[in-house]
Amino acid sequence: MDIEDIRTFVEVADTGGISAAARRLGVSKSIVSRRLLRLEAALGAQLVARTTRGAALTDAGVTFRDHAAKVSAEIDLAREAVFPAGELRGRLRVAVPLTFGPTHFAPVIAEMARRHPSLHIHASYSDRFVDLITEGFDCAIRVGYLQDSNLIARRVGPIYGRLVASPDYIKAHGAPERLEEIATHEAVMQGTETWQLMDGDKIVSVQPQGRFKADNATALAAAAAAGLGIAWLPDCITYDYVSSGALVPIMTRYPPPPAGAYVIRPPGQHPARKIRVLTDMLIEHFERNPQLWGLDRRDA
């Protein structure tokens with residue numbers, strides 16, 4: 001059995017379809033199909049039942065999947081043991097948020113590509129939520145508060161934020177002073193969401209309301225500066241607005257708890273070295289450049 005055929009089967013099993021596996025592997029659907037057929041012929045058993053909705057594992061496929069994943073992981077470990085500091089090869093698909101991606105993450109990804117000329121990097125920039133497994137990504141960089149999931153996360157840096165509003169909005173509507181007053185104000189926000197704020201050592205959740213929504217923090221900052229409502233935004237987004245007086249910090253007695261920037265990957269026994277390298281580079285980059293998150297100016 002060919003190791004690439006085994007890897008391909010694992011991708012089909014984990015992504016739930018030939019098309020998704022092809023995107024993840026960076027090959028055509030016909031190549032994925034040929035590899036599956038070759039593996040099934042070598043085993044003498046059907047592993048995948050093709051359906052109109054994708055691909056479903058047969059009983060033999062379910063049994064073989066765990067063994068195949070262990071074989072693939074062991075091969076990766078063996079290669080890393082032989083070449084622990086060797087050049088990265090293959091392909092890395094990474095989902096990156098559009099809000100911070102071009103300014104905060106793109107330079108690190110570009111430097112990784114420069115250091116490893118045999119590595120093919122496909123970066124997708126979007127603020128929408130990406131399903132790593134279904135859409136065939138090796139990892140994602142996410143910003144904010146992580147929700148419970150079966151994905152594995154590594155934090156690469158902290159993110160601090162605050163509530164802000166424009167002077168015009170405060171003049172027309174006042175500024176909330178108590179937690180329960182937030183629900184009575186217009187808010188600009190990403191969607192139907194909950195804001196978490198610190199009341200001493202206790203985290204309190206509040207439900208903002210508003211008619212202006214956007215999935216991009218830069219757009220929300222512009223809307224808040226235009227007087228459309230109060231906003232919860234990271235300091236690195238609002239710093240220039242606050243410095244110029246276009247936005248004013250409010251509810252300073254109730255700061256949001258620190259959020260974070262994370263590298264997220266699907267569950268597995270051993271992370272690929274290319275993901276570990278990207279994670280380490282991001283951690284080093286933000287430790288050396290605290291100004292990227294505004295941490296050097298937070299108390300200014």
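Leaving aside its neighbours within four places in sequence, which residues is Val 164 in contact with? Beyond those neighbours, Val 164 is in contact with Gly 229, Ile 230, Ala 231, Leu 233, Thr 238, Val 242, Leu 247, Val 248, Pro 249 and Ile 250. Please keep in mind that this is a predicted model. The points below begin with that residue and then visit a sheet, a pair of helices and two further residues.

**Val 164**
- Val 164 has its place in strand E7, which covers residues 161-165.
- With a relative accessibility of 0%, Val 164 counts as buried, because buried means under 20% relative accessible area.
- One of its contacts is Gly 229; the two C-alpha atoms are separated by 8.8 Å, although the residues are 65 residues apart along the chain.

**The five-strand sheet**
- Here 5 strands form an open sheet, and their order is E4-E3-E5-E14-E6 with mixed pairing.
- At the edges are strand E4 (119-125) and strand E6 (152-159), each of which pairs on one side only.
- On average, neighbouring strands of this sheet are turned by 20° against each other, direction ignored.
- E3 and E4 run parallel and are joined by 7 bridges.
- Within this part of the sheet, Val 94 stands opposite Ala 123 in E4.
- Helix H5 (residues 101-115) lies across E3, E4, strand E5 (139-144) and E14, and H5 runs at about 170° to E4.

**Arg 93 in strand E3**
- Arg 93 belongs to strand E3, residues 90-96.
- The relative accessible area of Arg 93 is 14%, so this residue is buried.
- Not counting residues up to four places away in sequence, Arg 93 touches Arg 23, Arg 24, His 122, Glu 135, Gly 136, Phe 137, Asp 138 and Cys 139.

**Helices H2 and H3**
- Two packed helices are described by the angle between their axes and the distance between the axes.
- For helix H2 (residues 18-25) and helix H3 (residues 29-43), that angle is about 105° and the axes are 8 Å apart.
- H2 and H3 are therefore roughly perpendicular to each other.
- On the H2 side, Ile 18, Ser 19, Ala 22 and Leu 25 meet Lys 29, Val 32, Ser 33, Arg 35 and Leu 36 of H3.
- The residues of this contact divide into 5 nonpolar, 2 polar and 2 charged.

**Met 251**
- Met 251 is found in the loop between strand E13 (248-250) and strand E14 (259-265).
- The phi angle of Met 251 is near 50°, a positive value in a residue other than glycine.
- Met 251 counts as buried, at 8% relative accessibility.

Definitions and conventions:
Residues numbered from 1 in each chain as written. Predicted model: local features only at pLDDT ≥ 70, side-chain atom pairs only at ≥ 80, totals over all residues. Heavy atoms only, no water. Helix = DSSP H or I, 4+ residues; strand = E, 2+ residues; numbered from the N terminus. Buried < 20%, exposed > 50% of the residue type's maximum accessible area, 1.4 Å probe, protein only. Axes fitted to C-alpha atoms, helices over the stretch in contact; angles between N-to-C directions. Parallel < 35°, antiparallel > 145°, perpendicular 65-115°, else oblique. Contact = heavy atoms within 4.5 Å. Nonpolar A, V, L, I, M, F, W, Y, C, P; charged D, E, K, R; others polar. Pairing = 2+ DSSP bridges.
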